[in-house]
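Student: I'd like to learn how to read a protein structure. Can we go through one together, feature by feature?

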2 protein chains.
Amino acid sequence: MTNYPGQVDFLSTDAAVLLVQRIGLTELLRGLVSALEQDFSRWEDFDKTARLAHHTPDGVMELMPVADASHFAFKYVNGHPKNPQLGIPSIMAFGALMRADTGAPILLSELTLTTALRTAATSVMAAKLLARRSSRTMALIGNGSQSEFQALAFVRLLGIQSLRLYDIDAAATDKLIHNLQTQLPGVQIQRCSSAAEAVQGADIVTTVTADKANATIVSRAMVQPGMHLNAVGGDCPGKTELDAAILPDAKVFVEFAPQSRIEGEIQHMPEDFAVTELWQVLRGEQAGRQHEDDITVFDSVGFALEDYTALRYMHALARQHQLLQPLALLPQLDNPKNLFGLLLPPTAQRIDPAPTEAHRHAIPA
Amino acid sequence: MTNYPGQVDFLSTDAAVLLVQRIGLTELLRGLVSALEQDFSRWEDFDKTARLAHHTPDGVMELMPVADASHFAFKYVNGHPKNPQLGIPSIMAFGALMRADTGAPILLSELTLTTALRTAATSVMAAKLLARRSSRTMALIGNGSQSEFQALAFVRLLGIQSLRLYDIDAAATDKLIHNLQTQLPGVQIQRCSSAAEAVQGADIVTTVTADKANATIVSRAMVQPGMHLNAVGGDCPGKTELDAAILPDAKVFVEFAPQSRIEGEIQHMPEDFAVTELWQVLRGEQAGRQHEDDITVFDSVGFALEDYTALRYMHALARQHQLLQPLALLPQLDNPKNLFGLLLPPTAQRIDPAPTEAHRHAIPA
């Protein structure tokens, strides 16, 4: 393999699906959690920045870059909560991986499915540090695209045995129950008629709702001592899920504080509200859960490092499984300073005769 | 066409080459100048930001987003001046275009060739406003990948009849002369032994050098009254081409002042150094060149709006010429909330049986 193949690896959505089917979702998630733990543990290696967001009346479009000494990665992702009414997913994503030494792109990848995988894996990474080890029951509020991934990850990797489901869209819960019944036989599934009912008796409360609003999916009164709140849906200014009154009574953990203060549940709190970054707990530099009665909150917004990890992890697996396609994204040049030579036919005849009046205006401006 | 085709148009480098060959480089550039003028004239329609740059010892990797009410666009581009020693282009780029109403990607495109086209077209747009109408001689300093595009654009669209060439790499000048002799017969080409010699008698001085250094390619003493300086190569902190002493004696024009103050020649000047944005001149709200003796500088750094324009322009042309390929970048879903359903085989059997010890550790972490 040369430094500059001129072609880029492409991981399509179809190929990513095949990869998950071949490896098995549980094993793939288990490996991804481990890869995330490794990358978060070398936190200082990364050039980090809050993501760049363009807000519209309908949603948000974001670019999420991150880099270490070896690679530069970025993801494009949108969030348009009304899309499903048009038959369109509310979240779509893709991204790329570049070599830092030459800047050359090496992978272009679908990231819609991969974002669902890495979000669930990140939730597991946090819950391993923050939830009570005895946790067996999880409330799952918001039963859209992300919900099956959270359910399966927490059942298979953390020992959850009972799920309590709620969504304002009953059809979304129907879909989730159908998928879980085929995929998670033996797990107890309870359909609830409100978020309050779902939270009752839960050890872990996972919120993955889509509305772009300062919502109160979980009120202070619903939260019991010892609970772990895995707050995934609130992830941009004006889009939150928790009653702000929960936060002063809880220990709050975040991915990257500068971004979370803009986008997370803690956007409601003063700039100096104390939070702990996950990497500090992973490395044992800060405590996670200290007491059985602690209320812990993972104020998840989604950080670019998770996509860096997922891009490298999926790339390596897809290569092993020969699921990458070549993509002609870059010029193939004999002389790297002769970009213009691309345009010349092999005979080196003129490609661009002086224009005549006849075709001078052929191309509409 | 539905709102969500599930597939994205892909414009490969090969297809972009075919497009230029079919339309002709001059006609394509002429149309692109016109499209740029239209988009720069509606400046207030765009959500603009300085690009996001990650600097390394070897170069820079950048993301350049911009949006209006209809579309969000971004480009990835690197700049690694030592790449050609490894057989790799110093600049590689690709980008994408999204619908703002749904966030759905609609085009993924090569932008290495397209960046060369839009950079030359932007230089022409500026020179039409700033250079003397009588300009016939252009110095072209830096004879790498961008140089043929600048030469051809200025000859064909602005009436340049004589080119004075210089590069510290004689082989680069050899390559440029070879390409120009086949493509621009009748144009006078002078090989020069220094930048100072190249600048002598020039009406327009175009600098397109690659070194990441505060270089003095053009000194104050070389600059004569009436010259237009098209300073293209200086485009990031610590990478400039002009003697700073030129700037106070010149009228300086930029694309987007907040970005240019970080990246352009004017990084040497105080924050309040007066500059004019091109759109102001295009709309007649500010003067361009006022006197034959004015020294004008287009302090070009490359702005995301140019890529937005180029992406939309190339997309429309490539569609007309049937040069787009479908790319499976997004999931195709019957139910937009059932992303998980992608993973299920048609028979809805379990895809992920409870792991046994045997394959629990099959995937390396």
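Student: How many of the residues of chain A count as buried?

Tutor: Buried means under 20% relative accessible area, exposed means over 50%, and partly exposed is in between (1.4 Å probe, protein chains only). In chain A, 64% of the 365 residues count as buried. Keep in mind that this is a predicted model, where local features need pLDDT of at least 70, side-chain atom pairs count only at pLDDT 80 or more, and totals for chains, interfaces and linings use all residues. Residues are numbered from 1 along each chain as its sequence is written, chains are lettered from A in the order in which they are written, and side-chain values use heavy atoms, with hydrogens and water left out.

Student: Is B:F72 buried or exposed, and where is B:F72 found?

Tutor: B:F72 has a relative accessible area of 3%, so it is buried. You'll find B:F72 in strand 4 (residues 71-79) of chain B. Strands (E, at least two residues) and helices (H or I, at least four) are DSSP runs, numbered from the N terminus.

Student: Which residues is B:F72 in contact with?

Tutor: Contact means heavy atoms within 4.5 Å. Leaving aside neighbours within four places in sequence, B:F72 is in contact with residues of chain A, including A:H54, A:M61, A:L63 and A:Y76, and with residues of chain B, among them B:P65, B:V66 and B:M98.

Student: What about A:Q7, buried or partly exposed?

Tutor: A:Q7 has 33% relative accessibility, so it counts as partly exposed. A:Q7 sits in the segment before strand 1 (8-11) of chain A. Not counting residues up to four places away in sequence, A:Q7 touches A:P326, A:L327 and A:Q332.

Student: Which residues touch the most other members of the largest nonpolar core?

Tutor: A nonpolar core is a set of buried Ala, Val, Leu, Ile, Met, Phe, Trp, Tyr and Cys residues joined through side-chain atoms within 4.5 Å. The largest one here has 80 residues, and A:L117, A:F149 and A:L163 touch the most other members. Helix 3 (residues 112-130) of chain A gives this core its largest share, 10 residues.

Student: How do I read a helix, say helix 2 (residues 25-41) of chain A?

Tutor: An α-helix has 3.6 residues a turn, so residues three or four places apart point the same way. For its length, the expected span is 1.5 Å times one less than the number of residues. Helix 2 of chain A has 17 residues and reaches 24 Å from its first C-alpha to its last, close to the 24 Å expected. This helix is mostly covered, with 14 of its 17 residues buried. In chain B, helix 2 is mostly covered too: 14 of 17 residues are buried.

Student: What rotation superposes chain B on chain A?

Tutor: Two copies of a chain are related by a rotation about an axis and a shift along it. Here it's a rotation of 180° with 0.0 Å of shift along the axis, giving an RMSD of 0.0 Å. The copies are thus related as by a two-fold rotation axis. The superposition is done by least squares on the C-alpha atoms of residues with pLDDT of at least 70 in both copies. The same surface serves both copies, as 100% of the contact residues of chain B recur in chain A.
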